[in-house]
Amino acid sequence: MAEKWKENLRSKFDGYESADIPDGLWIGIESRLDAAEPVAQSTKPKRAFSLVWSRSAVAVILLMVALNCGMMRCFYTYFEGETDAKNVSLASDNLLNVEVRRASRARVAEIGRAEIISNTAEDEDSVSAEKTEVKSVTVSSAPSQEKKDSVVENNVRSEKKKVWYVSKNSANISKTKKAKQKPSVSMFVSGITVDTDFLDSGDYYATAPCNSNPDIPDKPNPDIPKPDNPIPDIPNPDDGSGYPGGWVDLFDGGEDDPPSDDGDSENSDTRSARTPIPGKPKIDGSGYGNTVEKEYEEHSRPIYFGLEVAFPLDDKWSFQTGLVYSELCSTFDKGAVHTDQTISYLNVPLKVGVNLAGGKKWDIYASGGMMLGVGVSGKAEIQKRLPNYSFERTTQRLDGIPVAASLVASPGFEFRLFRSLNAYVEPSLMYNIPTGRKYRTFNTENPFVLNFGLGLRYKIGK
Amino acid sequence: MIDYRLIIDQVKSGNRRAMQQLYSLTIRYLTAVCQRYIVGEDDVKDVLQESYVKIFMNIGTFQQREEATVLSWMTRIVVNESLMFIRQKEHYAFIDINDELPDCEEELEVEEFSADDILKAIMQLPTGYRTVFNLYVFEDKSHREIAQILGIGESSSASQLNRAKKMIRSILYNNKISYADGREMERKLAE
């Protein structure tokens, strides 16, 4: 109550503003601010990279780390040795070294050294190193029996499916196998492709620029009257003035065909245009002065760039998949129209691989499966020669690119470069399954292809 | 309700136009606050100039959490600058009155008066009374806190408050006593 007057007074002045303000106050404030150091102005340091790029980079790095960790976690259980090592390390100091860890994988910790040695004679060669090492291991300061048992029990739980374990009274040692497979990530490129059609004796089409024959003029000479006979004046090679390499028959038949072979059968140049010459360009003649109609088609060998991941199924077999990018370039010439076609595919390989043989630093393997591809982009750059000998260029987007499918079988040779990094060579035979010829490419025209790939393979895990 | 957050952000980044905008939005209110403590146009101008410079120089340290906080923060700066000015310029302002006058229980009834009249009455108070009155009423300080701020005793603070209330009542109702007369009244009351 006594303070009510105070509240009333404060409420009266709540938001109260003076009607007058001092003149020139802001000018004085400004001059003081100009004279003073800019303490209040916080200058943000310039970012080396924009916030978007920084955050994107962090997201990509986190994703890669998560993927790597996820993959390692998924396949960590395949490596019982790792579990063993972890368990063994709990037992005693003597069991911490690598050789003893391997031995514990085979339940050596439970069995006397002598029994193990005598019964390891039948083991695979890869265990021999372990044998000698086990021999020298003494469990002089062995851990307590309870610890040993706990280690053993842990090993049993983790190795039930894969490793034969030895009972306490048994002298048989588990068959330790060759070092197990590890998941891997491979990066490869393959582009040396050989199509199997080279064995054929049929025609093939070669790219040639328009009017490559120097005797055929590119454009009509207005000073030269057009002869009645549209046949160009090509020197007769028989008179010795013919151009080297023979001459190409321009005629496509009719009454103006050149005279047939009248006995000079050794002159192979006098052939009818109806019979194409193997190895020679096939040209359809269409008269003098104008550009001859030609039909060319050339498909460049595709190049594959890929990232593959191999998931081991057991010691020998593995499942391989990944992402492979391929680009197919083709060139078409028809008359005055020249087309450059480029189609890109994103392929997913689905293969099964098997280790055939190997040593410490090398492996021979084989893989087979299929590869499915989806067209991600396609374009055609069309160049049309106009009557006035200028060019009209257009670019056309290709829609409805058919799915690509191929069967792949390949052997491979892999050798170690560094600790977890291997290089490999993998020639492969591919059969391109016909899925439609809406757009002709190297793969559609060559069903069987030999491909040579080179790559680097990184093994994940210890 | 004015959204000061955007303006504050601009002021923090050194935008002079934003500073001027903040000045324009708050100058009348802060002038009224300053006039409660300082009498004289030139002195008010000096105190306000000093206050605004301090506000703009230290705006980077301000963390706004509520809408009204920035104005409270600026008001506090003006009040502090006013007190510093009074302490420096009018050393005699705070007379430590040692008499033991009982605290005035009467309320200062101001409902019938406008804020302008009350302000004019406050401006006519002696400096000491005015300062104690402002700190007690508008800054909601206790007598102990006022005593610490002004360097006087608690009882002196209470006494000066009583006298201030009486004088304001007298001014408001009489509306005749000038500043000089108010000081004369102070002298008479002190006797």
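Predicted model: local features only at pLDDT ≥ 70, side-chain atom pairs only at ≥ 80, totals over all residues.
**Entry 1: a negative patch.** A:Asp20 and A:Asp23 form a negative surface patch together with B:Glu41, B:Asp42 and B:Asp46. I was pleased to see that both chain A and chain B supply residues to the patch.

**Entry 2: B:Asp46.** I found B:Asp46 in helix H3 of chain B, which runs over residues 41–57. Is B:Asp46 buried, partly exposed or exposed? I noted it as partly exposed, because its relative accessible area is 44%, and that value falls between the 20% and 50% cut-offs.

**Entry 3: B:Ile171.** Next I went to helix H8 of chain B, residues 154–174, where B:Ile171 sits. I looked up its relative accessible area, which is 2%, so B:Ile171 counts as buried; the cut-off for that label is under 20%. Which separation do the C-alpha atoms of B:Ile171 and B:Ala121 show? I read off 5.8 Å, although the two residues are 50 residues apart along the chain.

**Entry 4: chain A overall.** I then stepped back to chain A as a whole. I listed nine helices and eleven strands in chain A. Of its 462 residues, 32% count as buried. For the accessible surface of chain A I wrote down about 28500 Å², with 57% of it belonging to carbon and sulfur atoms. Last, I checked the contacts in chain A with a separation of 6 or more: residues 24 or more positions apart account for 67% of them.

Note on methods: Residues numbered from 1 in each chain as written. Chains lettered and ligands numbered in written order. Heavy atoms only, no water. Helix = DSSP H or I, 4+ residues; strand = E, 2+ residues; numbered from the N terminus. Buried < 20%, exposed > 50% of the residue type's maximum accessible area, 1.4 Å probe, protein only. Contact = heavy atoms within 4.5 Å. Areas by Shrake-Rupley, 256 points an atom, 1.4 Å probe, with all protein chains shown as cover. Patch = residues over 30% accessible without salt bridge, like charges linked within 9 Å, V, L, I, M, F, W, Y side chains within 5 Å. Salt bridge = Lys/Arg side-chain N within 4 Å of Asp/Glu carboxyl O. Lys, Arg positive; Asp, Glu negative; His and termini not counted. Charge placed at Lys NZ, Arg CZ, Asp CG, Glu CD.
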